[in-house]
Amino acid sequence: AEDQMLLHTGGSERMRIDSSGNVGINTTSPSTTLHVNGNITANNLPVANTPVVVARKSSNQSLSRGTWTKITGFDVNSSTDAAVGYDPDNVFDGSRFTVPSGGAGRYLCSANLRFHFGDAGNDGEHAIGAFYVNGGQKTHFTQMSMDNGGRHMTSVGGTGAVIFNLSVGDYVEVYAYIVDDSASGTLKIRGENSTGSQVGFFRID
């Protein structure tokens with residue numbers, strides 16, 4: 001067509017610029033500014049729409065027994081540790097990570113939940129963490145069973161990571177479920193200084 005520019009070698013079309021200005025290599029219908037159908041080799045190529053989030057809780061959050069509780073209050077500008085807190089694309093609101101426009105792909109989602117059991121009895125405490133995607137539970141990432149012998153357990157927990165294939169607008173949250181067999185004492189997600197709970201979200205492709 002007259003409103004397109006085509007490049008042929010060896011009797012075959014190799015590249016075209018269509019009427020919208022999109023450039024296609026090894027494709028006759030480029031759908032983006034540069035559309036390559038095949039492998040490429042590049043040096044020092046900046047990649048757009050690859051959000052990275054690291055956040056830490058800076059205050060404790062009380063938990064209720066026998067129910068899933070969304071973990072909130074993660075701080076990307078933590079005053080307790082300025083080295084932990086990074087969200088240059090503004091895709092995390094303190095409890096929810098949302099995939100931005102152009103950011104669809106696979107994401108590594110990680111969490112380190114630190115639990116505080118105060119005077120919680122002798123007969124066992126159980127803590128479970130889970131990632132929720134678009135409001136629905138997807139996977140457990142840590143499960144702990146403990147017998148604290150009637151003592152305070154001020155910073156116990158576990159770390160988990162999972163890869164999700166996410167589309168634009170999808171969101172990920174972290175929840176916790178607590179069962180305290182003694183049904184007494186205080187239960188919290190810890191968020192203080194170096195013992196605070198943390199989350200991270202990283203696009204990997």
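Predicted model: local features only at pLDDT ≥ 70, side-chain atom pairs only at ≥ 80, totals over all residues.
**Entry: confidence**

I read an average pLDDT of 77 for the protein chain, with 71% of the residues scoring at least 70. The mean is lowest in strand E15 (residues 186-189), at 68, and highest in strand E9 (residues 96-98), at 96. I flagged residues 147-155, where the pLDDT is below 50. Beyond near neighbours in sequence, that stretch still has 29 contacts in the model.

**Entry: salt bridges**

I counted three salt bridges. In one of them, the side chains of glutamate 173 and lysine 70 meet at 3.2 Å, N to O. Lysine 70 lies in strand E7 (residues 68-70) and glutamate 173 in strand E14, so this pair ties together parts that are 103 residues apart in sequence. Lysine 70 has a relative accessible area of 27% and is therefore partly exposed.

Glutamate 173 also forms a salt bridge with arginine 96, where the closest N and O atoms are 3.1 Å apart. This second pair links strand E9, which holds arginine 96, to strand E14 across 77 residues. Arginine 96 is partly exposed, at a relative accessible area of 29%. I therefore recorded Lys70, Arg96 and Glu173 as one network, because their salt bridges share partners.

I also looked up glutamate 13 and arginine 16, whose side chains meet in a salt bridge at 2.6 Å, N to O. Glutamate 13 is partly exposed at 23% relative accessibility, whereas arginine 16 is buried at 12%.

**Entry: charges over rings**

I found the charged end of arginine 96 over the ring of tyrosine 171, 3.7 Å from its centre. Lysine 57 lies over the face of phenylalanine 74, at 5.7 Å from the ring centre.

**Entry: aromatic rings**

Phenylalanine 74 belongs to one aromatic cluster with Phe92, Phe97, Tyr107 and Phe201. The count of aromatic pairs came to eight. For tyrosine 132 and tyrosine 175, I read ring centres 3.9 Å apart and planes at 25°, so the pair is stacked. Tyrosine 132 sits in strand E11 (residues 125-133) and tyrosine 175 in strand E14 (residues 171-180), 43 residues apart. Both tyrosines are buried.

**Entry: the hairpin of E1 and E2**

Strand E1 (residues 5-9) and strand E2 (residues 12-17) run antiparallel and are joined by five bridges. Threonine 9 has serine 12 in E2 as its bridge partner. Two residues lie between the strands, and glycine 10 takes a positive phi near 60° in this hairpin.

Methods:
Residues numbered from 1 in each chain as written. Heavy atoms only, no water. pLDDT = per-residue confidence, 0-100. Helix = DSSP H or I, 4+ residues; strand = E, 2+ residues; numbered from the N terminus. Contact = heavy atoms within 4.5 Å. Pairing = 2+ DSSP bridges. Phe/Tyr/Trp six-rings, centres within 6.5 Å; stacked < 30°, edge-to-face > 60°. Buried < 20%, exposed > 50% of the residue type's maximum accessible area, 1.4 Å probe, protein only. Lys NZ or Arg CZ within 6 Å of the ring centre and 35° of its normal. Salt bridge = Lys/Arg side-chain N within 4 Å of Asp/Glu carboxyl O.
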